[in-house]
Amino acid sequence: MQSNILICGVGGQGIVLTSKLIAATAMEHDIPVMSAETIGMAQKGGSVFSFLRLGDDIYCPMFPEKTADIIIGFEPAEAVRMLPYLKDGGQVVVNTHPIMPVTATLSGSDYTGREMIEYLQRNVKNVLLVDGTKACEEIGSPKVLNMIMLGASVRNDVLPFSVDDIEETMKKTVKPQFVELNSKALRYAL
């Protein structure tokens, strides 16, 4: 078994924690794993992406274009930006709520993310749309988008773990006061 996973979004959405949870869960199950994050201008709302490779015979955390089994996009434009990495038949799990880039805000652009979602739907056979804003509102916190996206990916069989597996790892790595809220988000039914 080998799996290439790309997680992308903008700073502050929890991409790094999501990557660490997947990697830690893989290690708990004796699955070899390598990861690499690119953070860039994350604190300024810039791109953040993480490469994860799971399985035997992996020698580098990065993988070439057209080899990602899944892209988990926390922001629609970032998912489109990473699309060249998706293999034929790969899966995209994407949050439908856009984050307005600073450049668009300064120029007065009207970025709704709709055009990015439509592009993904036209160009990717397997797209799962997640209304992250609605889910966060129903759960009661804007800080759980990462767990919502991770749970959606696991429940749709695009990651080699169960929600229970991820939750057990989360209990060991997340501060105790946040476990209940994150578990609720992880188990949120779309």
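In this predicted model, salt bridges link Asp164, Glu167 and Arg187 in a network. Glu167 counts as buried at 11% relative accessibility, whereas Arg187 is partly exposed at 39%.

**Other salt bridges**
- A search of the whole structure finds 7 salt bridges.
- Lys172 pairs with Glu28, with the closest N and O atoms 3.0 Å apart, and this links distant parts of the chain, since Lys172 is in helix 7 and Glu28 in helix 1, 144 residues apart.
- Lys172 is exposed, with a relative accessible area of 56%, while Glu28 is partly exposed at 45%.
- Asp69 forms a salt bridge with Lys87 at 2.5 Å between the closest N and O atoms, so that strand 4 and strand 5 are tied together by residues 18 apart in sequence.
- Asp69 is buried at 18% relative accessible area, and Lys87 is partly exposed at 32%.

**Helix 7**
- The buried residues of helix 7 (residues 163-173) are Val163, Ile166, Glu167, Thr169 and Met170; these residues lie on the same side of the helix, because they cover an arc of only 165 degrees around the axis.
- Helix 1, helix 6 and helix 8 are among the elements that cover these buried residues.

**Cysteines**
- The search for disulfides finds 0 in the whole structure, and for Cys60 the nearest cysteine sulfur, that of Cys8, is 19 Å away.
- The sulfur of Cys136, a buried residue, is 17 Å from the closest cysteine sulfur, in Cys8, and therefore too far for a bond.

Technical notes
Residues numbered from 1 in each chain as written. Predicted model: local features only at pLDDT ≥ 70, side-chain atom pairs only at ≥ 80, totals over all residues. Heavy atoms only, no water. Disulfide = S-S within 2.5 Å. Buried < 20%, exposed > 50% of the residue type's maximum accessible area, 1.4 Å probe, protein only. Helix = DSSP H or I, 4+ residues; strand = E, 2+ residues; numbered from the N terminus. Arc of directions from axis to C-beta. Contact = heavy atoms within 4.5 Å. Salt bridge = Lys/Arg side-chain N within 4 Å of Asp/Glu carboxyl O.
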